[in-house]
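Please keep the sequence and the structure in view while reading.

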Amino acid sequence: VGLFVGVWVARYLGPEQFGLFSYAQSFVGLFTAIATLGLDGIVVRELVKDSSRRDDLIGTAFWLKVMGAFGVLIILAITVNFTSNETYTNTLVFIIASATIFQSFNVVDMYFQSKVMGKYIVYANVISLLLSSIVKIVLIVNEAPLIAFAWTIVFDSFVLACGYFYFYIKKNATSSIKNLIFKKEIAVDLLRDSWPLILSGIASLINMRMDQVLLGNMTDFSTVGNYAVAIRLSELWFILPAIIGSSIYPAIISAKAHSESLYRERIITTIKYMSMFAIPFAIIVSLFANVFIALLYGEKFVDAGFYLSIHIWSGVPYLTLFVYSQVTMIEKLTKQTFYITIYAVLLNLFLNYIFIPIYGGVGAAIVTLFVAWTSVLLSIYMVERKANILNLWRKI
């Protein structure tokens with residue numbers, strides 16, 4: 001549903017308007033890691049270890065995220081003064097950014113992950129998606145302006161927040177909104193573990209969105225629109241490790257506590273089966289990228305097919321070895337994650353500044369591909385060296 005309504009929106013807006021919309025979203029995306037504060041995996045880990053601290057952990061994480069969301073708005077208000085963005089573009093940016101306040105409610109997602117009860121998160125997301133999709137269809141039929149679609153992002157986040165809150169209260173009769181309070185000592189403990197993830201999250205989002213921001217500044221919004229279409233199709237399959245990971249992560253944590261051999265076995269099994277899916281999928285998409293783009297988006301987005309055929313391969317290392325990001329949290333190697341992400345950001349910025357002016361969207365796609373693979377190789381090396389699981393890598 002999300003894919004096809006998204007396709008309809010892109011076709012309605014066209015490359016230029018859709019490019020501007022994607023640019024605004026990417027610009028906000030550079031700062032949204034501040035709102036998450038790197039807490040997600042940390043809170044899940046602590047909930048798995050001691051579920052009796054549920055209300056304290058979720059309450060503290062929620063208020064930390066609210067403070068982070070307002071921090072994003074303040075930073076954006078300062079940052080836009082140093083850009084060449086037009087007033088209309090900045091309006092889109094602030095509307096989209098306001099959705100981060102409602103995203104604080106995703107702390108409920110952490111609780112359900114720790115209990116391997118992902119179906120309730122699915123229910124909330126499906127309700128939000130369906131309502132948002134209906135609103136977008138109504139806007140298209142009534143030929144609404146671009147700014148109306150920016151407001152749908154806020155609406156989507158609000159409905160999702162309501163869904164999260166409803167299912168949390170429904171499944172926790174012993175809990176109450178009054179119990180979800182901020183505790184300073186817990187906040188200090190969480191931030192002590194998460195600060196490298198905050199920095200690496202910021203760097204990671206810069207790494208993921210900077211190419212579209214740079215394309216918007218160095219080329220034109222039509223190129224951004226074509227590139228954004230390719231990226232959205234390419235990143236669509238990234239939802240798979242997110243879904244699988246939410247179920248596997250608690251199991252890997254438990255295995256680590258009980259048996260080193262079971263811990264390694266679960267990591268190996270995950271990598272093996274994800275590889276069996278990722279590589280054939282990338283081959284198929286790469287070969288038929290132009291066909292997919294033509295069928296879905298039409299001839300206006302003709303350049304997106306070539307971008308997609310290149311960019312799809314940058315997802316292979318992420319999809320295959322996403323379990324390594326979980327291992328870094330279990331083994332408390334968050335600093336290594338930060339170092340790797342900083343490497344990726346610096347390399348991405350340097351290479352994009354060289355290749356985008358020359359090759360446009362193709363240059364951005366090639367840079368993303370190169371950085372993705374080299375970052376994963378560096379990640380493997382650092383995790384294996386620090387976590388002392390070299391036998392695991394030999395077996396892989």
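## Basis and overall architecture

Helices (H or I, at least four residues) and strands (E, at least two) are DSSP runs, numbered from the N terminus. The model is predicted: local features need pLDDT of at least 70 and side-chain atom pairs count only at pLDDT 80 or more, while totals for chains, interfaces and linings use all residues. Residues are numbered from 1 along each chain as its sequence is written, and side-chain values use heavy atoms, with hydrogens and water left out.

The chain has 19 helices and zero strands. Of its 396 residues, 53% are buried, where buried means under 20% relative accessible area, exposed over 50%, and partly exposed in between (1.4 Å probe, protein chains only). Among contacts (heavy atoms within 4.5 Å) with a separation of 6 or more, 84% involve residues 24 or more positions apart.

## Aromatic pairs

Rings of Phe, Tyr and Trp (its six-membered ring) pair if their centres lie within 6.5 Å; planes under 30 degrees apart count as stacked, over 60 as edge-to-face, and the rest as tilted. The count by this rule is 11 aromatic pairs. One of them joins Tyr 12 and Phe 149, a tilted pair with 5.8 Å from centre to centre and 45° between the planes. This pair links distant parts of the chain, since Tyr 12 belongs to helix α1 (residues 2–29) and Phe 149 to helix α8 (residues 146–171), 137 residues apart. Tyr 12 is partly exposed at 28% relative accessible area, whereas Phe 149 is buried at 1%.

The rings of Tyr 23 and Phe 27 have centres 6.2 Å apart and planes at 35°, so this pair is also tilted. Tyr 23 and Phe 27 are separated by about one helical turn because they stand four residues apart in helix α1. Both residues are buried. Elsewhere, Phe 18, Tyr 297 and Phe 301 form one aromatic cluster.

## The second largest pocket

Rolling a probe the size of a water molecule over the atoms shows where empty space is left. On a 1 Å grid over the protein atoms alone, a pocket is an open set of points where a 1.4 Å probe fits, with protein on both sides within 12 Å along at least five of seven lines; lining residues have an atom within 4 Å of a point.

The second largest pocket has a volume of about 160 Å³; grid points are joined across faces, edges and corners, and the volume is the space filled by probe spheres set on the points. Its lining includes Leu 3, Trp 237, Phe 281, Phe 292 and Ile 312. Helices α12 (260–287) and α13 (289–297) are the elements that give two or more residues to this lining. By class, the lining has 10 nonpolar, no polar and no charged residues; Ala, Val, Leu, Ile, Met, Phe, Trp, Tyr, Cys and Pro count as nonpolar, Asp, Glu, Lys and Arg as charged, and the others, Gly among them, as polar.

## Two buried serines

Ser 234 lies in helix α10 (residues 221–235) and is buried at 0% relative accessibility. Its side chain makes a polar contact of 2.8 Å with that of His 311. Such a contact is a pair of N or O atoms within 3.5 Å; within protein, one must be able to donate a hydrogen and the other to accept it, and residues adjacent in sequence count only if both atoms are side-chain atoms. Not counting residues up to four places away in sequence, Ser 234 touches Leu 308, His 311 and Ile 312.

Ser 375, in helix α18 (residues 361–387), is buried with a relative accessible area of 11%. With the exclusion of residues up to four places away in sequence, Ser 375 touches Ile 340, Tyr 343 and Ala 344.
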